[in-house]
Every structure is written in C-alpha cells, then in structure tokens.
Amino acid sequence: MGANMVRRLKDCGFHVTAVYDANRSAATSLAQELGCAASQTLGDLAQSADVIITVVTDDTAMREIFGGSADNLFVDGRGKLFINCATISPQVHVEIERLAQKAGAEVLEACMASSIPQARDGSLYLMCGGEKSAFDRAEPILKELASTIRYIGKAGEAAKVKALVNMVMNINTAGLAEGLGLGDGLGLDLTILREIFSQTGASSRVLQTDGEDMQNREHSCFFSAAHAAKDSGIALKLAEKIDLDLPLARATKKQYDQMLASGLGELDKSGIAELTFKGRNQPIRSAPA
C-alpha cells in the first residue's frame, strides 16, 4: 500500500525525498525506482521531509516507529505533519497524538477502506481523525490519493469506524464462503450461483471482489487473513469495553485465527473459503501481492 501511494504522489508531481522500510531491500528498490533516498533510520526520514506518510501493520509497529527507541520519527518531528494510514487500535492513535504534541508535530489518522490497486490509481476511500488543522494541512495531498475523504472527528474516531468497516467486511466474507461452500457441496454450478447472489439479497461488495476467487481457489493477497484476524480483534475489544456481545464477529475471528494456526495467514481473506468447502486439502494457488 505504501509503495503504491508514493508512486501515485510521484506521478502527481509531489517531491518525494525519501522512503523507509524495515525491509532494507524493499526500500532500496523503491528508492531506485522513484529516484529518491532510502533512509537508513527513522530519524533521517523525518528530517528529510515536511510531510511523512506511514503505513504499518499493527499497534506494536506504530508505537515503535513513533516512540519505541532512540530512533523514531518524532526525534526530529517539530513542525512536521505525519499522516498515519494503518489500521490499528483507536487508543494508539490517541497515544501518538499526545506524543506528537510533546514533539511539536501534527498527526492525522487517514484510515484506508481500499486495497492495493486503489492506492496506485488514487481512488482510496479515506476516513480521517485528529485535529482539524492537521486535516486541513493534509487535505491537498489526500485529494491526490483518494476519491473520497471523510473527516470523522478527533483522534481515534476514524479508527473506530475503520474497525467496524473491516469487521462487517470480514463477516460478509465468511458468510459468502459458507454460501458458496454449501452450494459446491450440493453440486450447484457456482458461476450461476454467484450470478444469482449478485441479483438478490445475497449481493455484497465481497461477492464482487472475492466470489470468483473463492470458487477458483485463487487467493493472491490483497488483504491478508492475518490482517482480517487483527482487525476483527480490534472491533471485538471495542465491543468488550461497552459490554456488547458480537457473536458473528467472534465466530468470524475464530475462523481467521484458524487460518493463521494452519499456516494460511498470508493468503487473501478470500482464503477463508478453504475452511468451508468440502475436500479442500490440496495445494492452494496463491501469489505475493
């Protein structure tokens, strides 16, 4: 996601000064492609630009890049704007904003409800949270990355919405896998079944994105099962805080946790169909994103 976002910004005429990744070879390769530096440290990256966009995997990674060691993005953060696009716990965004205020920096959460192709062509759906001044400063950049931008409110609020988006998406994905799995077990033509689903109350966005892949066992990763498990977990923790029981979300997370335990965590979320179709015990076609 981050690589495609920076490619998009480069195409739109922004001056990209540097990139950074924990995977040094990935950063070096991307830097060569873009004609920019591959920063050796987080501090060097922050020093090189006025605006830094981050895309990391989880709460631990987010805390690490902003305050986990002597080398972090806030070491030279004064006056800088940090646009954070990870799907993480809302409270962590609040923590990072507090650290930013101490460092004299601004932060904005810009949660993405889109995938890799949309990052490249500038059609992301972004939900933003943080100080309005940070949003106003970021908006000219975000407009080049997104077709839709929603300002939700204070820090953590956009992350709550994103957790709910992914929770419902994951439930829908699991439900579609069960419907197609049952259809397959009954000997139905799945292509016809998907067409009928699309024209009735069984229609959904995941039917468009994942239905054919489930049928064909093509689980090249656009949104991994590991991320699905993480994001459903974020939503469940939010529910626990207000004593709300979400049985469908719990059942869905259990299935994605099962994928992780079975070594299928790096498959696309559509790979949940491997748990529901009868007799799926052969190698699965997949490819890195």
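This report describes a predicted model, taking its helix packing and a few single residues in turn.

## Helix 1 against helix 2

Two packed helices are described by the angle between their axes and the distance between the axes. For helix 1, which covers residues 2-11, and helix 2, which covers residues 24-34, the angle is about 15 degrees and the axes lie 11 Å apart. Angles under 35 degrees count as roughly parallel, and helix 1 and helix 2 are therefore roughly parallel to each other. The crossing in which helix 1 passes helix 2 is right-handed.

On the side of helix 1 the contact is made by Ala-3, Val-6, Arg-7 and Lys-10, while helix 2 contributes Leu-30, Glu-33 and Leu-34. Sorted by class, this contact of helix 1 with helix 2 holds 4 nonpolar residues and 3 charged ones, with no polar residues.

The loop between strand 2 (37-38) and helix 3 (42-47) contains Ser-39. This residue has a relative accessible area of 6%, and Ser-39 is therefore buried, since buried means under 20%. When neighbours within four places in sequence are left aside, the residues in contact with Ser-39 are Ala-18, Val-19, Tyr-20, Arg-24, Asp-44 and Leu-45.

A pair of C-alpha distances gives a sense of scale. Ser-39 and Leu-176 are 137 residues apart in sequence, and their C-alpha atoms are 43 Å apart in space. Gly-181 and Gly-77, which are 104 residues apart along the chain, have C-alpha atoms separated by 51 Å.

## Helix 8 and its partner helix 9

Helix 8 spans residues 157-185, and helix 9 spans residues 190-198. Their axes come within 10 Å and cross at roughly 140 degrees, an angle that makes helix 8 oblique to helix 9. Helix 8 passes helix 9 in a right-handed crossing.

In this contact Leu-176, Gly-179, Leu-180, Gly-183 and Asp-184 of helix 8 meet Leu-190, Leu-193, Arg-194 and Phe-197 of helix 9. By class, the contact of helix 8 with helix 9 comprises 5 nonpolar, 2 polar and 2 charged residues. Gly-181 is also found in helix 8, where its relative accessibility of 5% means that it counts as buried. Apart from neighbours within four places in sequence, Gly-181 is in contact with Thr-276 and Phe-277.

## Helix 8 against helix 11

Helix 8 also packs against helix 11, at an angle of about 120 degrees and with the axes 8 Å apart, which makes helix 8 oblique to helix 11. Here helix 8 passes helix 11 in a left-handed crossing. The contact is made by Lys-160, Ala-163, Asn-166, Met-167 and Asn-170 of helix 8, together with Ala-228, Asp-231, Ser-232, Ile-234, Ala-235 and Leu-238 of helix 11. These residues of the contact of helix 8 with helix 11 divide into 6 nonpolar, 3 polar and 2 charged.

Not counting residues up to four places away in sequence, Asn-166 touches Thr-87, Phe-223 and Asp-231.

## Helix 11 and what covers it

Helix 11 runs through residues 225-241, and at 1.5 Å a residue its 17 residues should span 24 Å; the C-alpha atoms at its ends are 25 Å apart, which agrees. The buried residues of helix 11 include Ala-225, Ala-228, Ala-229, Asp-231, Ser-232 and Gly-233, and also among them are Ile-234, Ala-235, Leu-236, Leu-238 and Ala-239. What covers these buried residues includes helix 5 (90-103), helix 8 (157-185) and helix 12 (247-261).

## Two loop residues with positive phi

Arg-217 has its place in the loop between helix 10 (205-216) and helix 11. Its phi is near 55 degrees, a positive value in a residue other than glycine. With a relative accessible area of 16%, Arg-217 is buried.

Asp-243 is found in the loop between helix 11 and helix 12, just after helix 11. Although Asp-243 is not a glycine, its phi is positive, at about 55 degrees. At 74% relative accessibility Asp-243 counts as exposed, whereas Arg-217 is buried.

Terms used:
Residues are numbered from 1 along each chain as its sequence is written. This is a predicted model: local features need pLDDT of at least 70, side-chain atom pairs count only at pLDDT 80 or more; totals for chains, interfaces and linings use all residues. Side-chain values use heavy atoms; hydrogens and water are left out. Axes are lines fitted to C-alpha atoms, for helices over the stretch in contact, and angles run from 0 to 180 degrees between N-to-C directions. Helices (H or I, at least four residues) and strands (E, at least two) are DSSP runs, numbered from the N terminus. Angles under 35 degrees count as roughly parallel, over 145 as roughly antiparallel, 65 to 115 as roughly perpendicular and the rest as oblique. A crossing is left-handed if the near helix is turned anticlockwise from the far one by less than a right angle, and right-handed if clockwise. Contact means heavy atoms within 4.5 Å. Ala, Val, Leu, Ile, Met, Phe, Trp, Tyr, Cys and Pro count as nonpolar, Asp, Glu, Lys and Arg as charged, and the others, Gly among them, as polar. The expected span of a helix is 1.5 Å times one less than its number of residues. Buried means under 20% relative accessible area, exposed over 50%, partly exposed in between (1.4 Å probe, protein chains only).
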